[in-house]
Amino acid sequence: MSKKTSRFPQGFLWGVATSAYQIEGAWNEDGKGESIWDRFCHTPGRIANGETGDVACDHYHRWQEDGELIAALHLNAYRFSISWPRVLPEGRGTPNPKGLAFYDRLVDALLAKGVAPVVTLYHWDLPQAVQDAGGWLNRRTADWFAEYAELVYRTLGDRVRLWITINEPNVVWSCGYLLGEHAPGVKDRATANQALHHILLAHGKAVEAGRAALPGTEFGIAPNIEHFYAVTEEAREAVERKRLQEVAWHLEPVLLGKYPEELWQEYELMGLAPLTRPGDLERIHQPLDFLAINFYFSGFYDRDGRGRAVEVSRPMPRTGLGWPIYPKALRDMLIDVTARYGRRPIYITENGAAFDDVIGPDGGVHDPERVEYLRGHINAVHEAIEAGVDVRGYFVWTLMDNFEWARGYKPRFGLVYTDYATGRRIIKDSGRYYAEVARTNGLVVCL
Ligand code: FCB
């Protein structure tokens, strides 16, 4: 067997991604306000084992150690999110200086280690005070979001080049408002569509504000994009319809300035279309400097008797959560997005897998399945680049095992093992592997 090294473009960003609620803890410390995730987790029955992000990885206190871990992994970028209620406890009004100081110090520490901070403004922890005023169903929330964004721009804008407005509008739509599994726990399609519209509007307003405040910096949004395959020619239409509902519905307003026509008309007939105002779609359709894509899922679909797409199960490796491991779909998704929406800079801002990692008898955490997962997906990114896709960076979800939303602490996604009893962090084999890829800006593949 021979080996070759696939080199990545110069300046390629190798990073990890985290989000505030999943790692910080300190949920009510130093003046932080309550978020909808604090409220959701404190509501019995919402989260596996009644777990909460109250302490999480205690990153709020261990941020220096975590910064050192990032540097030890040879990464040149770190994507993290700002907790809106930590910096604006009421969602608007008086800022919390201690909250702002936390992120200020973090950014300085990262830069001192040669790590580029990539900031996500919204990774789901809406201030509870904003929720009490209607949350994403209240159009004003889009304005409050832009005001909050301006505050963060003023504080960190002199040092942060890459900004992501919203993490996965489609997952907020589906998990938060359709399935009710995430905060705020709603199950209603009309409500979901209205919330999505305001979230996208918030994105547009925050980009607009950012352009005015920070010329020369770059703005993007981070949808979660799944790739669907049709198993037969006849299934194509049904699969395209699925893509329309699950991808185009949230992506096309941002990238094309319109909701997919056919679906809009159907929703309108059924009373499920969101209320919009003239000018909204222009505002949502801001020129973007990059698209940030989170990638986890793909599936094979046939059509049933009524012409709907039905998933067909194919034997393939799966993660500890049963998610399919099919790296080729990452390449195909990147090529497809580029073909449909034009060539533009793309960052893969999340990709990763949960497994049931344990500390071995030798004190190490050996996770060969994650190493294989990473090798396959990084190779897929390289293939996409070779096929002409403009990928500028790759971020593993996630730095360290953390609070995985409704599933609590059981799924371990980290490159670093978190020992929750002691707070100790242990770099897993996959972390060492990824560090080598980042250090050499290359991937060794067997031919
Ligand atoms: C994504 C989320 C992220 C994490 C991963 C596993 O949808 O953005 O916070 O939970 O899934």
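Modeller: Gladly, and one term first: two strands pair if DSSP finds at least two bridges between them. Please keep in mind as well that this is a predicted model.

Let us begin with the ligand, which sits in the largest pocket. Around the ligand stand Gln22, His123, Trp124, Asn167, Glu168, Asn224, Tyr296, Glu350, Trp397, Glu404, Trp405 and Phe413. Sorted by class, that shell holds five nonpolar, four polar and three charged residues.

For glutamate 168, a side-chain N or O atom is 2.6 Å from an oxygen atom of the ligand. For asparagine 167, the corresponding distance from a side-chain N or O atom to a ligand oxygen is 2.9 Å. Tryptophan 405 also takes part, with a polar side-chain atom 2.9 Å from an oxygen atom of the ligand. As for cover, the ligand taken alone exposes 290 Å², and the protein buries 95% of that.

Tryptophan 397 is joined to threonine 398 by a cis peptide bond, with omega about 25°. Threonine 398 lies in the loop between β12 (391-397) and β13 (416-419). There is another cis peptide bond between alanine 183 and proline 184, where omega is about 5°. Proline 184 belongs to the loop that links α8 (169-178) and α9 (189-213).

Now for the strands. Strand β7 (residues 227-230) and strand β9 (residues 298-303) run parallel and are joined by four bridges. In this pairing, histidine 227 faces serine 298 of β9. Strand β9 also has three bridges to strand β10 (residues 309-311), and here the two run antiparallel. Tyrosine 301 stands opposite glutamate 311 in β10. The hairpin of β9 and β10 has five residues between its strands, and glycine 307 in that hairpin takes a positive phi near 80°.

A positive phi also turns up in a residue other than glycine: histidine 74, with phi near 65°. You will find histidine 74 in the loop between α3 (59-72) and β3 (77-81).

Key: Residues numbered from 1 in each chain as written. Predicted model: local features only at pLDDT ≥ 70, side-chain atom pairs only at ≥ 80, totals over all residues. Heavy atoms only, no water. Near = heavy atom within 4 Å. Polar contact = N/O pair within 3.5 Å; in protein donor to acceptor, adjacent residues only side chain to side chain. Areas by Shrake-Rupley, 256 points an atom, 1.4 Å probe, with all protein chains shown as cover. 1 Å grid on protein atoms, 1.4 Å probe; cavity = no way out; pocket = protein on both sides within 12 Å on 5 of 7 lines; lining within 4 Å. Sits in = over half its atoms within 2 Å of the grid points. Nonpolar A, V, L, I, M, F, W, Y, C, P; charged D, E, K, R; others polar.
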